[in-house]
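Colleague: I have a few questions about how this chain is put together. Could we go through them one at a time?

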Amino acid sequence: MTEPRQIVATTLARLRWQLRLARAGLAAERLARALWPAWTVLLAVLAALAFGLQDALPPRPAAAATAGLAVVFLLLLARGLRGLRWPSAAEARDRLDRGRAGRPLAAILDRQAVGEGDQGSAAVWATHVERMAARAAGLRAPAPDLRLASRDRFALRYAALTAAAAALIWGQFGRVATVVDLGPDPAAAAAGPSWEGWIQPPAYTGRPTLYLAEITDPVIVLPAGSRVSLRFYGEAGALALAETVSAAPPPLPPAPDAAAPAGAGAGAAPAETGGDLRVAEFEVARSGRIAIEGPGGRAWEVTALPDTAPTIAFEGTMTRERGGALRQAFRAADDYAVVAGRAEIVLDLAAVDRRHGLVPDPEPREAIVLDLPLPMTGSRAEVVDALVDDLSRHPWANLPVRVTFHAADDRAQEGQTGTAAVLLPGRRFFDPLAAAVIEMRRDLLWSRANGARAAQILRAASHRPEGFVRNERAFLLLRVAIRRLEAGLAAAGGLAPALRDEIAAALWDIAVLIEAGDLADALERMRRAQDRLSEAMRNGAEAPEIEELMDEFRQALDDYMRQLAEQQGDRPSEGERAEAGERMEMTGRQLQELLDRLQELMEEGRMDEAAELMEMLRQLMENMEVTQGPEGEGGEGEGTMQGLADTLRRQQGLSDETFRDLQERFGAGPRGEPDSGGEGGEGTLADRQRGLREELDELGRQAMPGEGVEAGERAREALERAERAMREAEKALREGDNAGALDGQAEAMEAMREGIREMGEALAEERRDGERGGAEGPSDPLGTRDPLGRETGSTGRIGTEERLLQGDDVYRRAQELLEELRRRAGETGRPELELDYLRRLLERF
């Protein structure tokens, strides 16, 4: 059995480094607690000196403050060191052992108190020591506790540390050394008449303070505005100041009981006189001469560098960024730093095409003022940047304006660009109805006199919405906005500015909703994106807009292909399948190549060829089919989706009736007065709304696809939103608020459509999981895949009157044509060949 002493020695040897770390941690804690006041004061003083605080004060107060702070620092340092006690080895062992179960390190250092001579008792003690040594071997030194919140309740140390960090970034630590020059030179004063002087350039120049006695060059170049401070020691009248650099130098008054020395007529006014010390201060305003006349005097020729105003210029022309934001590059420069910049935009009324809603005189509006971006760090002597801002909602968007950029320096001097006449960039709307809504919004903001015309045009545009207004919610919101506008025009005093602005904000949201679309049918969304892209190409839209619309078209096309692959309704009958035969499929790679070629043609400016290729792509997509699963697959999930679709249709019908009832009651009585509850009245509408809500709640309790799948969870959340919106619509109907009910009904329909889409995705995902898990289904003799490359079942199609590809021979021929098209895609000099091959491909449809 190992002796306890040997065990202790071995254990302490193993813990040697941990004991040193524990001792170092204790030392760090004690140093931090003892010296934090001293280093807080030191950091604060260094930060102040680095920022040039000593240069902003008169020399005597600056020297006194510096000396006082130095004394405070030394006292705090002495106090901290006096109370500092270096940790001992025993304290380090206690630190390492503290908080551990059984305190193993203290246990192995104990001595056996009873039964030391008994062999059995010694064996038990040795076993105990071995056990504690094994536990002590795992001891680790804790991290030092450097928290000082209980001692520094006001967080002064953090304030000093922040100031020091700021000085390190923006200050100049070289200025700290100038503090030694603040005191007088006792040797010089004892030797007789003497002088001292400093020149402090303006703070914004970033130049250090100069000590005149050390300048041997007879010519000094200084920034205009530099402050000169001079001190004269010794007998009054022995030294005189003569200078011609200040703006209006008055004569220097004599010292007490002494006449003014000869030649001092050009001296500056003293800041302080008394005894044998005089102080004179003045500012350098122009080039000239500074001379100290008398024993030990000096003279300098001063060249004052004027601080010129900053310059700023446009870099290129203003452009429209994606989404309608404006971008204007600029370059600004100054002798020292550009501290501020702004852009001013005013309406160029003379260049406005004063037709239609722009015929009346515009209401007065203040100029648009935007701050120019400037760098946060580094030099601002030259700034090259660009102003980017979105002014699409402003009434002047897409109208002629005059733009001027301004730049300012520290002396409030300004420079400006010439005035640029441009069209103020803004978001462009390509949907005809959205564009009309935006135009009426602009006319309404142009002048309230356009209110009646705007209401009439908007009512005419929404009169027959079938096939034209494809977003039900946007249509309902538009009709409500029209009603509010007409009510505002009919009110006493006419249309109020606040109401006009609210209606304009609503019209913007409606136009965005129409433009972006909220269509359940992915094919319709793809067609709309394609129409918008075609419209932009015909109108000569700029490259960023073309690129943005192309990205939107790609996304819509991808959604369409996915929905086409996963759709569950309107499958063809067996007879139709036999009549149509097998259809051609296009892979995602082939489709991507056609889209890349389309974008290449647009980037090269060959818009006619791009338009023809897009039309061919439209025909290709509308005649394409994607394989689907067998009839009847889906079970309860599809039943739930069908029930939701029926509820959605009934909700649409109820919303139409609510809107018709609002039209009939407008003007018949005060808005919000409930009907008596007859047939077709609001009470009946509210009851029907409650029935639809209960029906939706019942569907939500049924088995739904996507249990544990993200798409399924999103579907449930959408149905919960629909139920809440229906409840709000029911409440509004009972209160007689048809307009509020329309908002709730539109939100409910939107949420139900989203729920149906997400449920379809969840159902498709379940089927794909089943196929991967080995579920049997009808075989696919051609081994086909959908356009995204996913495995599918038997064929399905979209009903269309266009001719479709038929047979394996046509399929192989189409593949050959596509391969030939890809091979020739690089021959940009012969685009007619590419279009010819596409025509030949489409002839097979």
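Colleague: In which sense do β3 and strand β9 pair, and over how many bridges?

Modeller: Bear in mind that this is a predicted model. Strand β9 covers residues 299–305, and β3 and β9 pair in the parallel sense over five bridges.

Colleague: Which strands stand at the edges of the sheet that holds β3?

Modeller: Strands of a sheet pair through backbone hydrogen bonds, either parallel or antiparallel. Here four strands form an open sheet with mixed pairing, in the order β3-β9-β8-β5. Each edge strand has a single partner, so one side of it is left without a neighbour in the sheet; these strands are β3 (219–223) and β5 (240–243).

Colleague: What is the average twist from one strand to the next in that sheet?

Modeller: The order to follow is β3-β9-β8-β5. From one strand to the next, the twist averages 25°.

Colleague: How are helices α2 and α5 oriented to each other: roughly parallel or roughly perpendicular?

Modeller: Two packed helices are described by the angle between their axes and the distance between the axes. For α2 (residues 16–50) and α5 (residues 89–97), the axes are 8 Å apart and the angle is about 100°. Angles of 65 to 115 degrees count as roughly perpendicular. The two helices α2 and α5 are therefore roughly perpendicular.

Colleague: How do the residues of the contact of α2 with α5 divide by class?

Modeller: On the α2 side the contact includes Leu19, Ala22 and Arg23, and on the α5 side it includes Glu91, Ala92 and Leu96. Divided by class, the residues of this contact are six nonpolar, one polar and six charged.

Colleague: In what sense do β10 and strand β11 run, and how many bridges join them?

Modeller: These strands belong to an open sheet of three strands, in the order β10-β11-β14. Strand β11 spans residues 326–333; β10 and β11 run antiparallel and are joined by seven bridges.

Colleague: Which element gives the most to the lining of the second largest pocket?

Modeller: The second largest pocket holds about 730 Å³ of space, and 29 residues line it, with Arg428 and Arg442 among those nearest its centre. The elements that give two or more residues to the lining are β10 (311–320) and α10 (432–446). With five residues, the element that gives the most is α10.

Colleague: How is α10 oriented to helix α11: roughly parallel or roughly antiparallel?

Modeller: The axes of α10 and α11 (residues 451–461) lie 9 Å apart, at an angle of about 170°. Angles over 145 degrees count as roughly antiparallel. This makes the orientation of α10 to α11 roughly antiparallel.

Colleague: What is the division by class in the contact of α10 with α11?

Modeller: Val437 and Met440 are among the residues that α10 brings to the contact, and Ile457 and Leu458 are among those from α11. The residues of this contact divide into eight nonpolar, one polar and two charged.

Notes: Residues are numbered from 1 along each chain as its sequence is written. This is a predicted model: local features need pLDDT of at least 70, side-chain atom pairs count only at pLDDT 80 or more; totals for chains, interfaces and linings use all residues. Side-chain values use heavy atoms; hydrogens and water are left out. Two strands pair if DSSP finds at least two bridges between them. Axes are lines fitted to C-alpha atoms, for helices over the stretch in contact, and angles run from 0 to 180 degrees between N-to-C directions. Angles under 35 degrees count as roughly parallel, over 145 as roughly antiparallel, 65 to 115 as roughly perpendicular and the rest as oblique. Contact means heavy atoms within 4.5 Å. Ala, Val, Leu, Ile, Met, Phe, Trp, Tyr, Cys and Pro count as nonpolar, Asp, Glu, Lys and Arg as charged, and the others, Gly among them, as polar. On a 1 Å grid over the protein atoms alone, a cavity is a set of points where a 1.4 Å probe fits but cannot get out, and a pocket is an open set with protein on both sides within 12 Å along at least five of seven lines; lining residues have an atom within 4 Å of a point. Grid points are joined across faces, edges and corners, and a volume is the space filled by probe spheres set on the points.
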